[in-house]
Amino acid sequence: MFSYFTGLGRRPVLVIALLAIVCLAVVGAVLSVDWSVKRRAVTPPEEEDFTFLCDKCSAVFTRLRKELPARFMEDRMAGDAAPIDCPRCGAKAAAYIPHRCPSCGKYYLTDACRDPLTPSEGPESDRCPHCGTVPYEWYLKHRR
Ligand SMILES: [Zn+2]
Ligand SMILES: [Zn+2]
């Protein structure tokens, strides 16, 4: 009699333990899926892409970080423009990372693109050659 009751008494504990394990497994699976989705959403650094504009032929093209010369990021960090070769016209070290006009979305080069260490001559030097927008003024107008 006594053992029968303890037997009954033990079963729910087992069931609860089993349920807990199942729950943990489900939560774990959900979390790991969630985690992998999040991980996929964040672009790994080597997949980061950079847009370039050729100073010679105006070709616009993108390169993944892993496709760029090893020194590229170092040079950029050091304040160098780090121009790369143009795949269209073949000009050596002629493609720079351009400005993108906030108004018309076109790419263009300024002296600051060609040499980031050049002292800026004010917002006017960043004027978009396509539509005449000065990004600094545009942001002032459109930022709340
Ligand atoms: Zn070119
Ligand atoms: Zn523009």
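In this predicted model, Cys113 touches Ala81, Tyr96, Ile97, Pro98 and His99, leaving aside residues up to four places away in sequence. Cys113 also belongs to the largest nonpolar core, which has 10 residues in all. Tyr96 is another member of this core, together with Phe52, Leu53, Cys54, Ile84, Cys86, Ala94, Ala95 and Leu109. Two or more core residues come from each of strand E1 and strand E3, and E1 gives the most, with 3 residues. In soluble globular proteins, nonpolar side chains tend to be buried together.

E1 and E3 are also part of an open sheet of 3 strands, in the order E2-E1-E3 and with antiparallel pairing. E2 and E3 stand at the edges with a single partner strand each, so one side of each has no neighbour in the sheet. E1 and E2 run antiparallel and are joined by 5 bridges. Within this pair, Phe50 stands opposite Arg63 in E2.

| E1 | 49-54 |
| E3 | 95-96 |

The chain as a whole has 4 helices and 5 strands, and along the sequence they follow the pattern α-β-β-α-β-β-β-α-α. Of the 144 residues in the chain, 11% are buried. Among contacts in the chain with a separation of 6 or more, 47% are between residues 24 or more positions apart.

Technical notes
Residues are numbered from 1 along each chain as its sequence is written. Chains are lettered from A and ligands numbered from 1 in the order in which they are written. This is a predicted model: local features need pLDDT of at least 70, side-chain atom pairs count only at pLDDT 80 or more; totals for chains, interfaces and linings use all residues. A nonpolar core is a set of buried Ala, Val, Leu, Ile, Met, Phe, Trp, Tyr and Cys residues joined through C-beta atoms within 7 Å. A residue is buried if 20 or more other C-beta atoms lie within 10 Å of its own, exposed if 12 or fewer, and partly exposed in between; C-beta atoms are placed from the backbone. Two residues are in contact if their C-beta atoms, placed from the backbone, lie within 7 Å. Two strands pair if DSSP finds at least two bridges between them.
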